[in-house]
Amino acid sequence: MTRTLKIRMKNRKKANKILSHANMFKIFAGFVHFMLATAFASAQNYDEPTAVKWNRIETSHFKIVYPRETDSTAQRYANILEKAYGHVSRSLNSYYKKTVPLVLHNSDLNSNAWVSFAPRQMNFMTAPINHLYVTPWDKSLALHEFRHYVQISKYSSQGILKFASYLFGDYASVAWAGIVPDWFFEGDATLSETSMSNSGRGRMPFFLAEYRAYLLSDKNFSYDKWLHGSYKDFIPNAYAYGYVQTAYARKRFGADVWEKTLTRAQAKSIPFFGRGFRKVTKTSLKELQRESFEYLKNSWETENRQNDENVKYITDDEKNYTKYLYPYFIGNDSIVAVKHNLKNIPSLVVIEGNAGEKHLADIGYYSDRIYFDSNRIYWIENIRDVRWTAKSSNTVRFYDLNSGRIKTALTHTRYRALAFGNNAETLAAAEYTADDKNFICILDKNRFTETCRIQTPDNATVVSLAVSEHGNIVAASLLSDAGMSLQTLDPANGKWDILIDSLFTDIANISFYAENIIFNSGFDGVDNLYLISTKTRKTHRLTNSKFGTVAASHNKNGYLTCSEYYSNGLRLAIRKIAFDKNASVDLMQPYKFELAEVVAAQENFVIDTIDLKNVKTYSTKSYGKTANLFRVRNWLPFYAGINPEKTIASFYDSDDDDKLSLGATVVSQNLLGNATARLAYSYRSGYSAVHAGFTYTGWFPVISIEGHYGGGKNFLINGGNTGIGNENKFNMEAAMYIPFVFSNSRHVRGITPVIQFSVSNSKYFAPAHLSMCRANLAEYGINAYAYRQLSKADIFPKWGLIFNLQFKNSPFDTENFGNIYGGKFTAYIPGLFANHGFRLSASHQQQDIKRYIYSVIYDFPRETNNNLASKKLNMLSADYAFPVAYPDVNLGALAYITRIRANLFYDFAVTKNLNGSKSNIYAFGADILFDAYWFRMDYPVTLGFRLYKTNPENNTGIRLMAAISF
């Protein structure tokens with residue numbers, strides 16, 4: 001459609017004017033993103049338990065803070081990062097001159113890492129991921145996450161953003177998100193982990209499997225759909241898309257193409273990433289996408305792979321993208337598997353021969369593969385701690401096919417993989433301990449009690465486990481510095497035996513088949529199934545898939561069931577286990593990924609070859625939490641709202657306290673992320689004011705204090721009359737709350753009790769004393785919620801309950817102030833069709849009025865006057881939200897619309913007014929909303945309108961609506 005638009009343009013200047021407007025909108029959107037991110041930067045908390053003690057290591061380029069018991073882990077990270085520093089920085093020609101801060105976390109089993117913009121620092125969870133890579137976790141993080149730091153430093157150290165850093169500190173780098181596309185941010189880092197290692201996701205066939213299936217099936221999409229995604233089709237994420245774009249650009253234009261692009265983009269006063277790329281390459285980003293996908297398709301077509309003919313597909317071609325994973329035979333003609341799609345959270349289903357598919361249960365987001373044993377389907381969930389966001393454990397659950405219920409086998413474990421022997425009374429589990437040790441644990445299958453544990457060779461990470469039929473041998477695919485190996489363990493004597501020596505090819509989803517082991521590998525450039533004999537040590541190919549075959553299991557009759565990629569997901573297949581015993585595979589000669597090899601040749605570094613045996617031991621020092629409570633990295637040359645995290649709004653807060661104005665703001669956030677302080681000055685309407693706030697989340701209850709002095713004179717209130725006093729305005733609030741969380745893979749659940757006290761020097765006339773008294777208000781609340789996790793396409797939760805209770809009074813002035821209390825109950829229930837939903841709410845609030853009144857706790861019906869006061873308010877509200885269409889339509893560079901949705905609403909309230917009379921108030925109407933990516937920004941912006949009618953005002957109107965999602 002963009003091309004058609006250009007043809008209709010009478011001249012190029014008019015086209016350039018439209019593009020210029022789009023670019024200016026991007027800058028405006030980037031500024032909005034900057035402001036919002038600035039306002040909520042203090043919410044980037046990642047709370048470690050209070051009991052954790054910390055040490056630090058300082059190297060030439062890094063400052064590493066870590067839990068005391070993980071000293072050897074920190075030493076290893078220090079050496080890896082120092083050896084990688086110059087190489088990761090080289091292709092962007094960005095060598096950060098200051099010390100890079102890094103915090104290591106060992107309490108969280110959710111393998112993850114991130115680089116925060118403001119304050120700028122790295123956070124690594126040390127628990128290794130047990131899939132994705134054939135490079136150890138710490139090395140992968142050094143290449144990927146530090147590359148993010150290099151990217152931000154490159155873009156923030158030149159041009160207008162360098163100047164902005166003087167005005168905004170680290171906040172200036174937040175503008176990256178509004179200017180540089182996320183696909184470059186993640187794709188370039190994925191390219192780093194691939195080009196400077198023997199592995200990386202760029203060499204893992206599953207990483208681009210959807211692209212392979214789409215392109216070789218001639219299923220192509222528009223530029224914007226590939227770029228932004230869809231609710232209708234699965235579109236690979238920014239990591240995969242970005243890897244293809246950044247790698248192909250380096251192949252086509254050279255290793256320094258992105259360094260030149262970032263430099264060129266900053267050469268103008270307004271930095272445009274796309275314009276910088278065009279100036280350097282004479283090619284647009286849209287053309288880059290077309291060329292890169294054409295390159296992939298041509299490369300894959302030359303391989304001339306054909307699917308096996310000896311296969312039976314047991315799931316139909318789905319209309320919408322669907323993945324079936326980890327299938328198991330559970331009878332003569334029944335198979336159970338996990339089903340993924342865009343409209344529902346992961347669920348267990350059973351395919352019963354000709355009877356079709358039957359839904360068993362929604363299980364949500366699991367941490368590892370599922371396992372089947374004795375009419376039970378097991379899986380592992382990562383569960384966050386009740387209080388601490390930086391602490392989690394793994395729970396083992398199972399679905400009982402006999403009872404049809406989900407039950408819990410183990411809680412609060414650090415187990416990461418399971419394996420059952422068909423006829424054995426034991427099972428095996430992999431465990432990663434808090435002090436960075438890896439074990440194979442043997443458990444009694446009936447009681448789930450541990451009988452023994454054996455550390456892995458060279459402390460290798462366990463990727464996959466299998467137990468022989470009688471439980472006497474455990475097989476494990478292990479990842480170490482040397483690569484991945486397949487070994488067997490005799491638990492009786494602790495002896496290990498190597499079946500496949502270390503190589504940089506994945507070996508996953510292993511299972512015993514008689515005296516053989518079946519496994520998954522991308523050895524030949526596509527995921528396929530292989531079999532190795534424990535007797536002959538020879539490896540044989542079982543499948544020859546065109547797009548990829550993964551996650552197989554087998555039955556006693558010699559049949560495999562597996563998941564096979566095709567153009568609309570992963571479908572289930574059955575095939576006979578057959579192979580040529582005379583034709584073996586040499587795994588030591590894996591497939592060469594051309595794109596990865598080209599970019600690897602541009603680097604002069606392979607992280608897998610660094611020596612970690614003869615390394616430097618850095619001196620360690622204690623890291624005091626109190627001494628390092630403050631760390632100023634962010635500031636603003638104007639006044640911004642001092643505390644956007646308010647738990648319960650104070651009744652007499654001045655709205656001015658949260659508005660932008662002339663002034664200055666300084667924000668401190670400590671390295672551990674649990675202490676945020678704010679100090680600000682504002683000037684508006686001829687008055688100066690000082691503002692301060694502090695929030696600490698490192699104790700079990702969160703403590704927040706905020707104060708304001710100045711900005712005008714205090715108020716003198718005498719009944720209904722308000723005057724100006726002779727003192728500078730002052731108010732202070734102190735809050736304490738505990739954010740309890742009880743979520744799991746299927747449900748989001750929590751409860752937060754809050755206590756807040758507020759004081760002000762505004763004065764109220766007290767007739768009993770014939771004097772003016774200050775008001776001190778106390779507010780108490782509790783918010784509880786429980787709802788089902790949302791799928792990508794959900795608008796409301798499928799099921800959910802939310803309850804809020806609030807009570808407020810002035811405990812030291814019962815003559816002037818009574819109290820107000822209220823409760824609100826909200827329920828979510830399914831609608832008539834998929835992703836439709838009802839939201840039903842009921843609220844009650846009532847106040848005991850003395851001399852002065854409170855404003856209402858909960859809102860009046862929509863589009864009516866919320867500034868009214870009442871003695872009592874009862875309200876019912878109903879919403880019905882549903883998707884209208886998933887158009888995936890392009891409007892050129894203007895917008896890409898992914899979804900049109902609607903919400904029908906009706907609110908009805910009965911209020912008892914201050915004079916004792918009653919009023920009935922209602923409102924009804926409809927919201928029509930368009931979820932779209934405007935001007936090719938990275939994040940969706942929802943625009944729409946509301947049609948409404950209200951009573952008693954008898955207003956009918958239309959209102960524009962907007963929302964931004966990050």
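1. The crossing of helices α10 and α14 is left-handed, a crossing being left-handed if the near helix is turned anticlockwise from the far one by less than a right angle, and right-handed if clockwise. Helix α10 spans residues 238-253 and helix α14 residues 594-601; the two pack at an angle of about 55°, with their axes 9 Å apart. This makes α10 oblique to α14, where angles under 35 degrees count as roughly parallel, over 145 as roughly antiparallel, 65 to 115 as roughly perpendicular and the rest as oblique. Axes are lines fitted to C-alpha atoms, for helices over the stretch in contact, and angles run from 0 to 180 degrees between N-to-C directions. On the α10 side, Tyr243, Ala247, Tyr248, Arg250 and Lys251 meet Glu594, Leu595, Ala596, Val598 and Val599 of α14; contact means heavy atoms within 4.5 Å.

2. The model is predicted: local features need pLDDT of at least 70, side-chain atom pairs count only at pLDDT 80 or more, and totals for chains, interfaces and linings use all residues. Residues are numbered from 1 along each chain as its sequence is written, and side-chain values use heavy atoms, with hydrogens and water left out. Helices (H or I, at least four residues) and strands (E, at least two) are DSSP runs, numbered from the N terminus.

3. An open sheet of 6 strands has the order β4-β5-β3-β2-β1-β30, with mixed pairing; two strands pair if DSSP finds at least two bridges between them. Strands β4 (113-116) and β30 (620-623) stand at the edges with a single partner strand each, so one side of each has no neighbour in the sheet. On average, neighbouring strands of this sheet are turned by 25° against each other, direction ignored. Strands β1 (residues 54-58) and β2 (residues 62-67) run antiparallel and are joined by 5 bridges. Within this pairing, Asn55 has Tyr66 in β2 as its bridge partner.

4. Two helices lie across strands of this sheet. Helix α3 (residues 71-90) lies across β1, β2, β3 (100-105), β5 (121-125) and β30, and runs at about 160° to β2. Helix α4 (residues 137-156) lies across β2, β3, β4 and β5, at about 160° to β5. The axes of α3 and α4 come within 9 Å and cross at roughly 45°, which makes α3 oblique to α4. The crossing of α3 and α4 is right-handed. Among the residues that meet are Tyr77, Ile80 and Leu81 in α3, and Trp137, Leu141 and Phe146 in α4.

5. The count of salt bridges comes to 43, a salt bridge being a side-chain nitrogen of Lys or Arg within 4 Å of a carboxyl oxygen of Asp or Glu. Arg201 pairs with Glu193, the closest N and O atoms being 2.8 Å apart. Arg201 and Glu193 are both buried, where buried means under 20% relative accessible area, exposed over 50%, and partly exposed in between (1.4 Å probe, protein chains only).

6. Asp907 forms a salt bridge with Arg862, with 2.8 Å between the closest N and O atoms. Asp907 lies in strand β45 (residues 895-912) and Arg862 in the loop between β42 (837-848) and β43 (872-885), so the pair ties together parts 45 residues apart in sequence. Asp907 is buried, at a relative accessible area of 1%, and Arg862 is buried at 18%.

7. A salt bridge also joins the side chains of Asp931 and Arg901 (2.8 Å, N to O). This pair links distant parts of the chain, Asp931 in strand β46 (residues 918-934) and Arg901 in strand β45, 30 residues apart. Both Asp931 and Arg901 are buried.

8. Most residues other than glycine have a negative phi, and most peptide bonds are trans. The bond between Ala118 and Pro119 is cis, with omega about 0°; Pro119 lies in the loop between β4 and β5. The peptide bond from Asn951 to Pro952 is also cis, with omega near 15°, and Pro952 is in the loop between β47 (941-951) and β48 (956-964).

9. Positive phi values also occur. Asn93 has a phi near 50°, lies in the loop between α3 and β3, and is partly exposed, with a relative accessible area of 49%. Ala551 has a phi of about 55° and lies in strand β27 (residues 549-554); Ala551 is buried, with a relative accessible area of 1%.
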